[in-house]
Amino acid sequence: MTLEAFFFYAFTTLALGGATLAITRRSAVHAAISLMVSLLGVAGLYLLLNAEFLFVSQIILYIGGILLLFLFVIMLVNLDAGRGLRQFHQRWPLGAAVTAIAGVAFAILWSRAKLPPSQTMPDVGNVELVADTLLQDYLVPFEVVSLLLLVAVVGSVLLARKRA
Amino acid sequence: MTHLLPPEFFTATVPLNAYLILSAILFAIGACGFMFRKNIITIYMCIELMLNAVNLSFVTFSYQFGKVDGQIYSFFVMVVAAAEAAVGLAIILTIFRNRGTLQIDEIDTLKN
Amino acid sequence: MLEGYLPLFVFLVLCIAFPLAALLVGKALRPSVFAPAKLESYECGIEAVGGARGRYSVRFYLVAILFVIFDVETVFLFPWAVRYKQLGWFGVAEALVFLGILVVGYVWAYKKGALEWV
């Protein structure tokens, strides 16, 4: 097995195992930690696909930011009160079957797809490429994102401190 | 050890299709959880899982085409997910404060 | 291409192996005496009140939200910092507009008292 294949299967195991645990654990904290494992696996796959910048931002933004928020909210709402409640829908086998069929169908579709030979990236380093494209070709989205973040600050602060 | 396995086993590289298949399966797992979880927070986590699966196929296509645009898209998806998580979780907190529950089928004011 | 990550990998393996080894060696060497006081959470000698799973104050969440938003901002500035020289004044102007809009949010949150610990 080549080194690349070995790491691909290792990261795939992390991603799939974490995702499966994340949707089947009863406790919300356990689900969040499993989701973290899954996101780490996907981050490793980004590394295999030469997307170093996304690897770092996956860890900083997703694992260090978004999942942290999730854990905060899980701790803010009362965990113990919800412990005895039903965590899964009564008709969960139906949903699982439907999505399993869809997933297998897509997997077969992709395994049959003939992708043209891949092109190579310009040889200047991933972060430099991202920087040039982001700051020149995607200039307007870059600035609009700051507006989005402004709206997110205002909205979430207003919602979260309504008690007073 | 070497004679137990076919020689291709040691030289095979991973085709890009494998990444796309993984992305499809991850998306299916996320959608599955979205359907059968009852707690709003865990449902929300399943949405993040689906976003992540889509990001993976964006990055795969970016690698395939030798262009960095796909990576930029998934970067924007991450940023939007962060903004969405901040506001969405604040909404979840407000719901919890007003209703005292996070079970998805007890929050049905619009239905009645 | 993966060979470049070898130092990182060695670092990771060491990071996992060292605490495992320390825990295992410690377990093999130390005498094991059970006492209920050992299971309590450490609170500087004060007796612990309530469980660790109690509800937190919403103020923590406000700080966490602001952290995440400005975390995103930092990640956005990172590629600009890498290409600072090549982008020149154009890049500086872009980053200033980006930061300016977010500073409005920061000032608003500050005025609103979201950062005060009342």
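1. A word on the model: it is predicted, local features need pLDDT of at least 70, side-chain atom pairs count only at pLDDT 80 or more, and totals for chains, interfaces and linings use all residues. Residues are numbered from 1 along each chain as its sequence is written, while chains are lettered from A and ligands numbered from 1 in the order in which they are written.

2. Chain C has 118 residues, and 15% of them are buried (20 or more other C-beta atoms within 10 Å of the residue's own, with C-beta atoms placed from the backbone).

3. Chain A puts in 75 residues and chain B 67. On chain A's side, helix 1, helix 2 (28–48), helix 3, helix 4 (92–112), helix 5 and helix 6 each supply at least two residues. Helix 3 of chain A gives the most, twelve residues.

4. By class, that side of chain A has 52 nonpolar (Ala, Val, Leu, Ile, Met, Phe, Trp, Tyr, Cys, Pro), 20 polar (the others, Gly among them) and three charged (Asp, Glu, Lys, Arg) residues.

5. Over at the A–C contact, 41 residues come from chain A and 35 from chain C. Helix 1 (3–24), helix 3 (52–76), helix 5 (126–137) and helix 6 (139–160) of chain A each give two or more. Helix 6 of chain A gives the most here, with 14 residues. The chain A side divides into 29 nonpolar, six polar and six charged residues.

Methods: Contact = placed C-beta atoms within 7 Å. Helix = DSSP H or I, 4+ residues; strand = E, 2+ residues; numbered from the N terminus. Buried ≥ 20, exposed ≤ 12 C-beta atoms within 10 Å, placed from the backbone.
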